[in-house]
Amino acid sequence: MAGLEGMGQPQQRTGTAAVRRLPSAEEDPALRALELFGNPADEEVRLPSRPESAATARRLTEFVVLRDWGLACQLAEYAVLLVSELVGNAVRHTGARTFGLRMLRRRGWIRVEVRDPSRGLPCLLPVGALDTSGRGLMLVDQLSQRWGVDLLPCGKTTWFEMRVAEGA
């Protein structure tokens, strides 16, 4: 059959359930990110302040929301988008070498935090229809239930919170 070259005959199942092979860290980018940086739901993870770290932060966020916490796909999509915006701001505007990512869950809420060493505050600005940048905080404002900035002695934490349906 076309496309099945090198495939052997299907094996007979001998048990009541088929064994499902889990992807290795080399095959699953989220598992690889967890292996390299840690789980932001367990403790703050430090990521290099480079544009490609936004992809790592997205993978970690998606892993935690979907696989660790077992929450809804739409919530994961929004959290991934918003963490990407906060990470983008930390990378572009702070001049830091690293930034921190932490995720918390409490009854009815999730909270995602991005910490950097800059004390410069992010600003929610009006955005025109033809503007090519400046929409990040607008998205955070529209898709999260609340967001803010906590000033620290050496930097700040920018965070957003999203409501989780009860029982989820």
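Guide: Let us start with a term: contact means heavy atoms within 4.5 Å. This is a predicted model, in which local features need pLDDT of at least 70 and side-chain atom pairs count only at pLDDT 80 or more, while totals for chains, interfaces and linings use all residues. Residues are numbered from 1 along each chain as its sequence is written, and side-chain values use heavy atoms, with hydrogens and water left out.

Visitor: Which residues is arginine 115 in contact with, leaving aside its neighbours within four places in sequence?

Guide: With those neighbours set aside, arginine 115 is in contact with Glu44, Arg46, Phe99, Gly100, Leu152, Lys156 and Thr157. Arginine 115 itself has its place in strand β3, where strands (E, at least two residues) and helices (H or I, at least four) are DSSP runs numbered from the N terminus.

Visitor: What makes the pairing of the side chains of arginine 115 and glutamate 44 a polar contact?

Guide: A polar contact is a pair of N or O atoms within 3.5 Å; within protein, one must be able to donate a hydrogen and the other to accept it, and residues adjacent in sequence count only if both atoms are side-chain atoms. The two side chains make such a contact at 2.5 Å, although the residues are 71 apart in sequence and their C-alpha atoms lie 9.0 Å apart in space.

Visitor: Why is arginine 115 called partly exposed?

Guide: Buried means under 20% relative accessible area and exposed means over 50%, with partly exposed in between (1.4 Å probe, protein chains only). Arginine 115 has a relative accessible area of 30%, so partly exposed is the word for it.

Visitor: And why does cysteine 154 count as exposed?

Guide: Cysteine 154 counts as exposed because its relative accessibility is 64%, and cysteine 73, at 52%, is exposed as well. As for disulfides, each being a pair of cysteine sulfur atoms within 2.5 Å, the count by this rule comes to zero.

Visitor: How do you know that the buried residues of α1 are on the same side?

Guide: The buried residues of helix α1, which runs over residues 29-37, are Ala30, Ala33 and Leu34. They cover an arc of only 100 degrees around the axis, which puts them on the same side of α1; the arc is that of the directions from the helix axis to the C-beta atoms. These buried residues pack against α2 (53-68), whereas Glu35 and Leu36, on the other side of α1, are exposed.
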